[in-house]
Amino acid sequence: MSALSTTAESSSDEHRQWLTLVERKKVLAIVHTTAYAKRLLDVLSLLEADFRLQVVFTTPPHVFGDEVPRFLQQLGSPILSWAEATRMTFDLAVAAGPRGVEQVQAPLITLPHGANYLKRLPGASDPGVAGLRRRDLLPGGKPPAAVVVPHHADLRELARHCPEALQLAHVVGDPAHDRITASLPRRAAYRRALGLAEGERLVLAVSTWGPHSFFGRFEMLLPRMVGELPSGRYRTAVLVHPNVWSGHGPWQVKAWLAWCGRLGVSVVPPEADWRSVLVAADYIVGDHGSVTLYGTLTGVPILLTGSPEPEINPSSPAATLAVTAPALSPAHPLPEQLDYAAAEYRPEEYAAIAARITSEPGRFHRNMRRLMYRLMGLGQPAHEPRALPLPEPPTLRTWLSDRGEASA
């Protein structure tokens, strides 16, 4: 038996004598990938300072899960093996992905790990919209205690894709949306922290994962960004989905991008909080992933590197963004295209797209905490939960490296 299972489960006098707080409600965070971990950390922050609770983490098998234990260990998080977690009973469990969660003995809350439900999976064995398939909503055929969705419009999608999940649904909101919007007034502070000079423009290159992502074309597009954007006027940072790092391995991704640091391009590591960098950007060059959609909250021009129609949910705001934002052209200089995107930018069009991310703007923390405490049978702490502004990022020089090692 591991030290953690001793702490979380054992009731023998031999083990309990070492504990300081006993008879706590036990909350299990089910973390499949680094992207899921980041989403769950916003959720778990709602349980801070409550001495009635003990939170533990577990890492189920997942194709993109190799880096999760290291990520959690850096946080100082207690980690249960999946085998131990499935033998125990918890008072609450939260998960941002469906794989294996039916094996957990606890009232389970499932929630999406990205913005809205953007992606279709046309080549999968079970095609459909990721997050809205029956296997996603009723993992293993077992209904969770609650299905969290960000927007009231998602209820129509649930009714169409999996009617059984409709009665389990709670429109709660989107934590990344709320943290980003709460942080917009701190944009100047984030830019100073990143080391941007006055008048210097930050171009953020954003990629999701998969064959049709921006990263699949990096070797053609990224050199253009470096070669065509004059230094002193522009700085470039690269943000790649954690699944790319996990799928190919950190060593390989660093090797592919080793030249970036030598040419002045900062590569944001997968464990970093990308949201403050997004808020600080002057231009976003991205694909059909969640981060590009969250970019509609920041009020800056967006250039799309591609919009693969088979992979985009036609009912999602990503589909509207695909016909609103200008597309990156191979035939024209990049500075001219950035200027064009800025000249053609219409705030009201992007605000309408951003409004479709959540119908509960600013209320995720309040709604989610109420749901969690109700399922645990506890009264909520007597203070208002709020979306706090994001902490300041490190300087871009921290991520300006050769093979991913931080520069001095």
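Author: Gladly; what follows takes a few labels and sets each beside its cut-off. Please keep in mind that this is a predicted model.

Reader: Why is Ser-213 called buried?

Author: Ser-213 has a relative accessibility of 3%, and buried means under 20%, so Ser-213 counts as buried. Ser-213 sits in the loop between β8 (201-207) and α10 (218-228).

Reader: What is Ser-213 in contact with, leaving aside its neighbours within four places in sequence?

Author: Ser-213 is then in contact with Ser-207, Thr-208, Asp-287 and His-288.

Reader: How many aromatic pairs does a search of the whole structure find?

Author: The search finds seven.

Reader: What makes the pair of Tyr-234 and Tyr-283 tilted?

Author: The ring planes of Tyr-234 and Tyr-283 stand at 45°; under 30 degrees would be stacked and over 60 edge-to-face, so this pair is tilted. The pair links distant parts of the chain, with Tyr-234 in strand β9 and Tyr-283 in strand β11, 49 residues apart.

Reader: How do you know whether Tyr-234 is buried or exposed?

Author: Its relative accessible area is 4%, and the cut-off for buried is under 20%, so Tyr-234 is buried. Tyr-283, at 6%, is buried too.

Reader: And what is the pair formed by Tyr-345 and Tyr-350 called?

Author: That pair is stacked, with 20° between the planes, where stacked requires under 30 degrees. The centres of the two rings are 4.6 Å apart.

Definitions and conventions. Residues are numbered from 1 along each chain as its sequence is written. This is a predicted model: local features need pLDDT of at least 70, side-chain atom pairs count only at pLDDT 80 or more; totals for chains, interfaces and linings use all residues. Side-chain values use heavy atoms; hydrogens and water are left out. Helices (H or I, at least four residues) and strands (E, at least two) are DSSP runs, numbered from the N terminus. Buried means under 20% relative accessible area, exposed over 50%, partly exposed in between (1.4 Å probe, protein chains only). Contact means heavy atoms within 4.5 Å. Rings of Phe, Tyr and Trp (its six-membered ring) pair if their centres lie within 6.5 Å; planes under 30 degrees apart count as stacked, over 60 as edge-to-face and the rest as tilted.
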